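Student: I would like to learn how to read a model like this one. Please take me through it feature by feature.

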Amino acid sequence: MGLLSEGSPLSWEETKKHGDHVRKHGIQQFINQYKKLKSRSRDILYWGDEVEYMLVKFDDEKKTAKLSLNAGEVLDNLQQCEKLCPQDHPSTWRPEYAGYMVEGTPGKPYGGLLAHFNVVESNMRLRRKEIQQALGPNEVPLSLTSYPRLGVGNFSDPETKTTPETGASKSIFFPDEVIFQGHPRFRTLSRNIRQRKGGKVEIQIPIFKDKKTPSPFIEDFSALGDDGEAARTAKPDHIYMDCMGFGMGCSCLQVTFQACNIDESRLLYDQLAPLCPIMLALSAASPVYRGYLSDIDARWTVISQSVDDRTDEERGKSYLSPIYKCYNDIELVLDQDLCDELQKGGIDETMARHIAHLFIRDPISLFSEKLNQNDEEDTDHFENIQSTNWQTMRFKPPPPNSSIGWRVEFRPMEVQLSSFENAAYVTFIVLLTRAVLSYGLNFVIPISKVDENMRTAHKRDAVNKDMFYFRKDVFTDCSPADVAKCMASGKCERIKCSNIQDEYTQMTMNEIFNGSDDFPGLIPLVKQYLNSVDIDIDTSCTIQNYLKLISKRASGAEPTIAKCIRNFVTNHPDYKQDSVVSEEINYDLLKLIHEKTDNCETLSTDTKFSSKTKDDIPTALSKAEKFLAQKNPQKNMMNGHKS
C-alpha cells in the first residue's frame, strides 16, 4: 500500500523542485531514528500477512464478470469495527490503488506461539466473509492476482471511459475513474510517474504464441484514441499496456516480520532475499494480461514496468549485513554525499550504501502540508523515498514514537485463490525464518544470481521446466548469536570471497523444496524444526497439510494457479487458439474460481482442502506466551517459542 499521507498533492514540477529537500531531510530522519533505536532489542517475533482482494460483479444473464468499483463504500463499512474498537478488532482494512481493490490484514500481529499458525487461515476466511457481507447482490471478493480482461472494453461496473488526451495516466486502456478515488496518493503517483518518465508508462509482455495467434502479433490501437504513441511503442509479439494501473491493479500476498533487534532484521532481509524469485515462481498465478494469454506466469515484471519509473541505475539492490558484502556483486549507483552523511551519523558502510542507493531517486508524491517536518519526530520524508522503491524485499525501521520494532517485508508472492493456499504460503515462509534463526541457515548467493533467478521465475511453467541458482550448503558454522557478533564487527572468517562461485549451483524447484541426495530441501528443514519444538496436534495437522501443498506445487504434482488458468483458457470451447481470452472465457473462469474456492477446493481437482484452523488461541497458550515474553523474549524467539 505504501505511505498514505494526507494533504494537498503538489504537481510534478513542484515536487521535483523539492527533491533535494526531501532527500536531505529523509536521510537525517533515518539517522535520527537509527541513533535512537539501534540498541533496541528483545522484541518478540511478531508477524502478519497482507492479502489484496478484487471485487467482482457477475451478471449471470449476460455471462459477464466485471470489476466492481465500490471499494470506497466497502472500506467505509469494513473499517467501522476498527473505529469503534481500535484496540480489539479481528481485521484491519486499507485502500489500494484501484477502486475495485481492498487490502486486509489481521487486526493484531501474530506472535511467537506455534498455535498462531492455526489461526491464519481462519482469520483469512473471516476477512473474506467480512467483505462479502459488505458487498451487493452478485458481487464477490476474489483473491485474484490479475483480472484477465483489465483494460479491455467495458471491464468495470459502473462503466468507465478512458481519457487519453487528459487525466492522470492518459491511458487508452485504463480509465482514471478506475483509480481509487478516496485518496489523492494514487492519482498523484500515476500523474507524476508519467511526467517523470517524460511519457506514458510502457509495459511490454511477450504474448503466448498459439496455433492461430497472428505472427507477428501487431495490434491496431487507432479506434482507442491512440495519437500514434502506442503504435510506435508497442513491440511486435508483445502485449502492450500504458498505465501503472496494470501493475498496481494486480493483487499480492505479503508478509511482514518484526525481529528481536536491528541485526536480526538485517539477517532476515539477507536470508529472505534469495528466496524472493523462488517463492514468486512457486506462487505464480497470473498468465493473462489485457485479454491475452501471455508467455509469462507471474506479475512482478509487470509491476516493474508499470509502477517503477526508476532508471536502470536506480534498480540495484544489495544485502544489508556487512559479512555478506562480498555477495553484492552488482555495482550500486549511489549518492556519495548522502552515503558519507550516513556514515558520519554512525551507520556502517553496508547499510549506508543501501540507503544512499535508494535516495538517488526523486520523491514521486509530495503533499504541501508535509513539506516542512521535525526530523527528530517525523519520518515521512524517509518513507516517501523508501515506499516508492518497489523491490521484492523492504527493510523497515521502527516508526517514530511507536512500540513497533525493526521489520522486514517479504513482497514477491502472488496472491492465491483460496484462504487455505494463502495461509499455506504465509505459514511456510514464516516457519522457514524460524528454522533460519534456530539453525543459523544461510541462503545467501551473489545478488547477480538472485536477479537471474527473478528473470527465470517469470517464465511459463518455470516450476517444472527451469532451474534456479541456490546455495549448496545452507548450514553455517555460526550460531545466530555468532552471526550478530560478525555483523557488529563487519568480519567473518568463514566467508572467503574467492570461493563464492563454488557455493551455489543450479537446482530444480523440486530439489530446492523437497531435497535430493546432495541437498536437504527447505520442507525437510522446516519439518526438522517442527520436530524440535512442542506443538499441539491440531496445529501440527494444519501445518502438515500446508507443507503438503507446497511440496506438491514444487514437485509439479499440483500445478500452480497460473498453469491451471492457462489450461482452463486453452481448453475452453470458446477459445480459438489465438491467445484471446474472451468475455465468455473470463466469466466462466472467474465463476469457477469463486465456486471452487468458496467450497475449499483446488482449481485443478475436486479435492477439498483440509485443515483444523481455529479462530482463537487457547487461553492457556496465550498466557504462556505472555509469561515467556516477559521472562526472556530473546531466548523465546531463538527457541521458536515452544508452546
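Student: Start with F257. Leaving aside its neighbours within four places in sequence, which residues is F257 in contact with?

Tutor: This is a predicted model. Leaving aside neighbours within four places in sequence, F257 is in contact with L45, Y46, W47, L268, L272, W406, R407, V408, F410, I429, V430 and T433.

Student: Which residues have the most contacts inside the largest nonpolar core?

Tutor: The general idea comes before the case. In soluble globular proteins, nonpolar side chains tend to be buried together. Here the largest nonpolar core has 192 residues, and F257, I429 and F513 have the most contacts inside it. Helix α15 (residues 419-439) supplies the largest share of this core, 13 residues.

Student: How do I read the sides of a helix? Which residues of α12 are buried?

Tutor: Look at where the buried residues point around the axis. In α12 (residues 336-344) they are L338, C339 and L342. Because they cover an arc of only 105° around the axis, they sit on the same side of α12. The face turned away from that buried side carries the exposed residues D337 and K344. Among the elements covering the buried residues are α2 (19-37) and α13 (349-358).

Student: What is found at the start of α12, and what follows α12?

Tutor: At the start, a side-chain oxygen of D335 comes to within 3.1 Å of the backbone nitrogen of D337. After the helix comes G346, with a positive phi near 100°.

Student: Now the aromatic rings. How many aromatic pairs does the structure hold?

Tutor: There are 25. Take F173 and Y240: their ring centres are 6.1 Å apart and their planes lie at 70°, over the 60 degrees needed, so the pair is edge-to-face. F173 is in the loop between β6 (156-157) and α6 (184-197), and Y240 is in strand β8 (residues 238-241), so the pair ties together parts 67 residues apart in sequence. Both F173 and Y240 are buried. They belong to one aromatic cluster, together with Y97, F155, F174, F180, F186, F221 and F246.

Student: Where does N138, with its positive phi, lie?

Tutor: N138 is not a glycine, yet has a phi of about 65°. It lies in the loop between α5 (120-134) and β5 (139-142). At 47% relative accessibility, N138 is partly exposed. S579 also has a positive phi, near 75°, and lies in the loop between α22 (561-570) and α23 (583-598). S579 is buried, with a relative accessible area of 0%.

Student: Last, where does pLDDT stay under 50?

Tutor: Over residues 632-643, for which the model has 38 contacts beyond four places in sequence. The chain averages a pLDDT of 89, and 90% of the residues score at least 70.

Definitions and conventions:
Residues numbered from 1 in each chain as written. Predicted model: local features only at pLDDT ≥ 70, side-chain atom pairs only at ≥ 80, totals over all residues. Heavy atoms only, no water. Core = buried A, V, L, I, M, F, W, Y, C linked by side-chain atoms within 4.5 Å. Buried < 20%, exposed > 50% of the residue type's maximum accessible area, 1.4 Å probe, protein only. Helix = DSSP H or I, 4+ residues; strand = E, 2+ residues; numbered from the N terminus. Contact = heavy atoms within 4.5 Å. pLDDT = per-residue confidence, 0-100. Arc of directions from axis to C-beta. Polar contact = N/O pair within 3.5 Å; in protein donor to acceptor, adjacent residues only side chain to side chain. Phe/Tyr/Trp six-rings, centres within 6.5 Å; stacked < 30°, edge-to-face > 60°.
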